[in-house]
Amino acid sequence: MADDQVTKTEDEWRENLTPEQYQVLRKAGTEPAFTGKFWDCHDDGMYKCAGCGAPLFSSQTKFESGTGWPSFTEPAVADAVELREDSSHGMVRTEVVCRRCGGHLGHVFPDGPGPTGQRYCINSCSLDLDPDAA
Ligand code: FE
């Protein structure tokens, strides 16, 4: 386990997160489309993990996906996230997890724009926007 790993008990997570954040980050839930605070956000900055503060996605890689969730073409740093195969809900998808705290962020799909061709489809409530970092 890496030195900067963040581990907390279920009770600690529950205390530190809103009920919706807990459901998404710790229970792999999904916020309803078009309800989160970032799907239509165009501010500059660094999107950080709402669970542990790790820098995850730059606003420079954010694009309009039309899905109702904030969407990015790539992580800010390659090892900021971990990808896991997810076969829940009768689908095979690739889950995107915060490497530092293991929090569920969303999924990545191979239908994104630009050179990466990736669409990181991330829950707003898993993120905090830091406008002073880019
Ligand atoms: Fe995290």
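1. Strand 6, residues 93–98, is mostly covered, since five of its six residues are buried, where buried means under 20% relative accessible area, exposed over 50% and partly exposed in between, with a 1.4 Å probe and protein chains only. Strands here are DSSP runs of E with at least two residues, helices are runs of H or I with at least four, and both are numbered from the N terminus.

2. The model is a predicted one, in which local features need pLDDT of at least 70 and side-chain atom pairs count only at pLDDT 80 or more, while totals for chains, interfaces and linings use all residues. Residues are numbered from 1 along each chain as its sequence is written, and side-chain values use heavy atoms, with hydrogens and water left out.

3. Six strands make up an open sheet with antiparallel pairing, in the order 3-4-8-7-6-5. Its edges are strand 3 (62–63) and strand 5 (81–86), each of which pairs on one side only; two strands are taken to pair if DSSP finds at least two bridges between them.

4. Strand 5 and strand 6 run antiparallel and are joined by six bridges, and Glu85 has Thr94 in strand 6 as its bridge partner. The hairpin of these two strands has six residues between them, and in this hairpin His89 takes a positive phi near 60 degrees.

5. Strand 6 also pairs with strand 7 in the antiparallel sense, over four bridges, and Val97 stands opposite His104 of strand 7. Five residues lie between the strands in this second hairpin, where Gly102 takes a positive phi near 75 degrees. Strand 7 (residues 104–109) in turn pairs with strand 8 (residues 119–122), again antiparallel and over four bridges, with Tyr120 in strand 8 as the bridge partner of Val108.

6. The iron ion is coordinated by the SG atoms of Cys49, Cys52, Cys98 and Cys101, at 2.3 to 2.4 Å. Donors are N, O and S atoms within 2.8 Å of the metal (3.2 Å for Na, K and Ca), and water is not among the atoms, so sites may look incomplete. Along the chain the donors follow the spacing C-x2-C-x45-C-x2-C, and both Cys98 and Cys101 are buried.

7. Why is the arrangement around the iron ion tetrahedral? The four donor atoms subtend angles of 101 to 113 degrees, which makes it so, because four donors count as tetrahedral if all angles lie between 85 and 135 degrees.

8. The loop between helix 2 (19–26) and strand 1 (46–49) contains Ala28, and Phe34 has its place in that loop between helix 2 and strand 1 as well. Most residues other than glycine have a negative phi. Ala28, although not a glycine, has a positive phi of about 55 degrees, and Phe34, also not a glycine, has one of about 65 degrees. Ala28 counts as partly exposed because its relative accessibility is 41%, and Phe34 counts as partly exposed at 45%.

9. The largest cavity has a volume of about 50 Å³; a cavity is a set of points, on a 1 Å grid over the protein atoms alone, where a 1.4 Å probe fits but cannot get out, and lining residues have an atom within 4 Å of a point. Among the residues that line the largest cavity are Trp39, Phe63, Trp69 and Pro70.

Key:
Tetrahedral: all angles 85-135°; square planar, octahedral: opposite > 155°, others 65-115°. 1 Å grid on protein atoms, 1.4 Å probe; cavity = no way out; pocket = protein on both sides within 12 Å on 5 of 7 lines; lining within 4 Å. Points joined across faces, edges and corners; volume = space filled by probe spheres on them.
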